[in-house]
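Colleague: Could you walk me through this one? I'm new to reading models.

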Amino acid sequence: QLQVVESGGGSVQPGGSLRLSCAASGFSVGSYAIGWFRQAPGKEREGLSCISQTGSTRYGDSVKGRFTISKDSAKNTVYLQMDSLKPEDTGVYYCAADSAWTGHCDGTYNRPTRFSYWGQGTRVTVSA
């Protein structure tokens with residue numbers, strides 16, 4: 001059964017860092033694109049970053065330069081390193097997977113409908 005499970009969320013002060021993990025089972029992260037999304041209270045789910053089967057990456061403007069997506073094929077896990085966190089980064093973070101990408105995360109990476117398999121999310125709170 002194909003599954004992704006997020007972990008690593010928590011509470012942090014502004015300016016701090018967290019690393020989120022997305023552990024995959026039932027498939028290889030080398031064969032699927034993985035996206036990270038965030039949903040803040042009362043807002044729509046926002047696409048943050050994507051890493052393709054080939055390792056190419058894409059970032060949204062709100063996180064570019066602060067967040068880094070990577071993957072460890074040996075651990076079958078994708079990470080989201082989040083630095084210089086701001087209160088507006090607060091929300092539930094989801095990872096999602098899909099095989100229907102051609103090796104690159106194109107401009108639709110931030111659309112939730114482009115990903116078929118979703119985790120349950122991990123909560124991040126950034127406050128003083």
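This is a predicted model: local features need pLDDT of at least 70, side-chain atom pairs count only at pLDDT 80 or more; totals for chains, interfaces and linings use all residues.

Modeller: We'll take the strands, then the disulfides.

Colleague: Start with β9. How many of its residues are buried?

Modeller: Eight of the eight residues in strand β9 (residues 91-98) are buried. Buried means under 20% relative accessible area, exposed over 50%, and partly exposed in between, with a 1.4 Å probe and protein chains only. Strands are DSSP runs of E, at least two residues, and helices are runs of H or I, at least four, numbered from the N terminus.

Colleague: How many bridges join β4 to β9?

Modeller: Seven, and the two strands run antiparallel. Strand β4 covers residues 33-39. Two strands pair if DSSP finds at least two bridges between them. As one example, Ala33 has Asp98 in β9 as its bridge partner.

Colleague: And which way do β9 and β11 run?

Modeller: Antiparallel, with three bridges joining β9 to β11 (residues 122-126). There, Gly91 is partnered with Val124 in β11. Strand β10 (residues 117-118) is also joined to β9, by two bridges, and this pair runs antiparallel. Ala97 stands opposite Tyr117 in β10.

Colleague: New topic. How many disulfides does the structure hold?

Modeller: Two. A disulfide is a pair of cysteine sulfur atoms within 2.5 Å. One joins Cys22 to Cys95, S to S 2.1 Å. Cys22 sits in strand β3 (residues 18-25) and Cys95 in strand β9, 73 residues apart, so the link spans distant parts of the chain.

Colleague: Are those two cysteines buried or exposed?

Modeller: Cys22 is buried, with a relative accessible area of 1%. Cys95 is buried too, at 0%.

Colleague: What about Cys50 and Cys105?

Modeller: They form a disulfide, with sulfur atoms 1.9 Å apart. Cys50 lies in strand β5 (residues 46-51) and Cys105 in the loop between β9 and β10, so the pair ties together parts 55 residues apart in sequence. Both cysteines, Cys50 and Cys105, are buried.

Colleague: Why is the disulfide of Cys50 and Cys105 called left-handed?

Modeller: Because the torsion about its S-S bond is about -65°. The link of Cys22 and Cys95 is right-handed, with 75° about the S-S bond.

Colleague: Last one. What is the pairing in sequence order?

Modeller: Number the bonded cysteines along the chain, and the pairing is 1-3, 2-4.

Notes:
Residues are numbered from 1 along each chain as its sequence is written. Side-chain values use heavy atoms; hydrogens and water are left out.
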